[in-house]
Amino acid sequence: MQILSQISQKISPKKASSFFASLAAFGLVLSASFGALNAAPQADSKVVDSKAAESKADSKVAESKAQKELKVGATPIPHAQILRFVAPMLQEKGVTLKIVEFTDYVMPNLALAEKSIDANFMQHKPFLDKISKDRNLDLLSIAQIHIEPIGGYSARIKDIKELKNGATVMIPNDPTNGGRALILLHNSGLITLKDPNNLSATSSDIIQNPKKLKIKALEAALLPKVLKDADLAIINGNYAMQVNLTTKDALILEDSRSPYANILVVRKGDESRADIQALKEVLQSEATKKFIIDTYKGEVIPAF
C-alpha cells in the first residue's frame, strides 16, 4: 500500500486514476482465473461421479441378467433332451436355461455343491443319498421327474405266469441295483420282503418265496449275456437297450412306485428360489409328461 501511495504522489491525478483502474481490472482477471482453477476439480468430480453411477447401473443390469440364467447339469440322454424340451416354457417365465452336460454321475453333484451350476438332473435318490453321505454334500431332491425302469426279461418264457417253481432268477450283484431287483420281484408278487422300502435289501431279507425261486447275483453289465442261462433276469434299462431289449420285452417292469425315479436336485436353501420353482413346474407339467411318453415309448416313464 505504501508503494502505491508513493506512485500516486509522483504522477498526475488523471494518470493515477487511469493506473488504478487498470490495476483493478487486472485484479478481476486474476480472480476469475483462480476461480476457474478452483472450480475445475469440482467439475472433474462430477464427471467421475457420473461415470461411477453409470458403472453401478451397468453392474445392476448385468446382475439382473445373471439371475435370470439357470445352469443345470445333466447327462445327455434322456435328461438333457427333456431339459431342451422345457427350455422354451421356462423362457416364457423369464428364465434362460443353460444346460451343462456331464458324462458321469459324480461331477454334477460336486459342481452343484461348489456352485458352478444351480441344479442337476441325472440321478435317482438312492444314489444322491449315498454320494451325499460319502462326500458330505448338502444337496436336496425337490422333484421326481421320470423312471428309467429296471425290468425282468426271459428267453425261455413269454409271460411271468409261466415262471415255474424252482426257476433261476438272476439279479445284479451291486447293493443298489440288487435291492432294486428284489423290490421289483416283491412288487410283482413273486417274493415277499421283510421291508420293501429297504433299498439295500438282500436275499436274506426275503421272508416268503412261494415258488422257491433260486435267486443268484451277477454283475449288472453281464446279465444280458446270460439271459439264455436263466429263467428270468432282472436287467437295468441301459444294459437292456444295449442288446436291443425294450420295455415291451419285459415280463415285469418298474412303475411309478419305484424309489429310483430320476430327480431334480439343488443345494439346500435354494429350493424356494423363484427360478428353481419355475424349472420344477415345467418339468412336472402335462406337456412334459406327454413328451416323455411320446418320445421314449415306455423306455422312460413319467414319475409325476
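Reader: Ground rules before we start: what counts, and at which pLDDT?
Author: The model is predicted, so local features need pLDDT of at least 70, side-chain atom pairs count only at pLDDT 80 or more, and totals for chains, interfaces and linings use all residues. Residues are numbered from 1 along each chain as its sequence is written, and side-chain values use heavy atoms, with hydrogens and water left out.

Reader: Pockets, then. What volume does the largest pocket have?
Author: About 760 Å³. A pocket is an open set of points on a 1 Å grid over the protein atoms alone, with protein on both sides within 12 Å along at least five of seven lines. The volume is the space filled by probe spheres set on the points, which are joined across faces, edges and corners.

Reader: How many residues line the largest pocket, and which lie nearest its centre?
Author: There are 29 lining residues, and Y105, H124, E148, N236 and N238 lie nearest the centre. Lining means an atom within 4 Å of a point.

Reader: Which elements give two or more residues to that lining?
Author: α3 (76–92), β3, α5 (125–135), α6 (175–187) and α7 do. Those labels are DSSP runs numbered from the N terminus: helices are H or I with at least four residues, strands are E with at least two.

Reader: How do the lining residues of the largest pocket divide?
Author: Into 13 nonpolar, 11 polar and 5 charged. Ala, Val, Leu, Ile, Met, Phe, Trp, Tyr, Cys and Pro count as nonpolar, Asp, Glu, Lys and Arg as charged, and the others, Gly among them, as polar.

Reader: And the second largest pocket: how much space, and which residues line it?
Author: About 210 Å³. Its lining is P126, D129, K130, D174, P175, T176, L199, S200 and Y260. α5 gives the most, with 3 residues. The lining divides into 4 nonpolar, 2 polar and 3 charged.

Reader: How many cavities of 30 Å³ or more turn up?
Author: The search of the whole structure finds 1. A cavity is a set of points where a 1.4 Å probe fits but cannot get out. The largest cavity holds about 50 Å³. E148, P149, Y153, G237, A240, M241, T247 and E299 line it. Helix α7 (residues 237–242) gives the most to this lining, with 3 residues.

Reader: Back to H124. Where is it found, and is it buried or exposed?
Author: H124 is found in strand β3. H124 counts as buried because its relative accessibility is 14%. Buried means under 20% relative accessible area, exposed over 50%, partly exposed in between, with a 1.4 Å probe and protein chains only.

Reader: What does H124 touch?
Author: T176, R180, Y260, A261, N262 and I263, not counting residues up to four places away in sequence. Contact means heavy atoms within 4.5 Å.

Reader: How many residues of β3 are buried, and which strands pair with it?
Author: 6 of the 6 residues in β3 (residues 119–124) are buried. Strand β1 (residues 69–74) pairs with β3 in the parallel sense over 3 bridges. Strand β12 (residues 262–267) pairs with β3 in the antiparallel sense over 4 bridges. Two strands pair if DSSP finds at least two bridges between them. The bridge partner of H124 in β12 is N262.

Reader: New topic. What is the strand order in the open sheet of 5 strands?
Author: β9-β6-β10-β5-β11, with mixed pairing. The edge strands are β9 (214–218) and β11 (252–253), each pairing on one side only. α6 packs on the sheet, and its direction makes about 140° with that of β6 (168–172). Axes are lines fitted to C-alpha atoms, for helices over the stretch in contact, and angles run from 0 to 180 degrees between N-to-C directions.

Reader: What is phi for K115 and for N244?
Author: K115 has a positive phi near 70°. K115 lies in the loop between α4 (107–113) and β3, and counts as exposed because its relative accessibility is 63%. N244 has a positive phi near 65°. N244 lies in the loop between α7 and β11, and counts as exposed at 67% relative accessibility.
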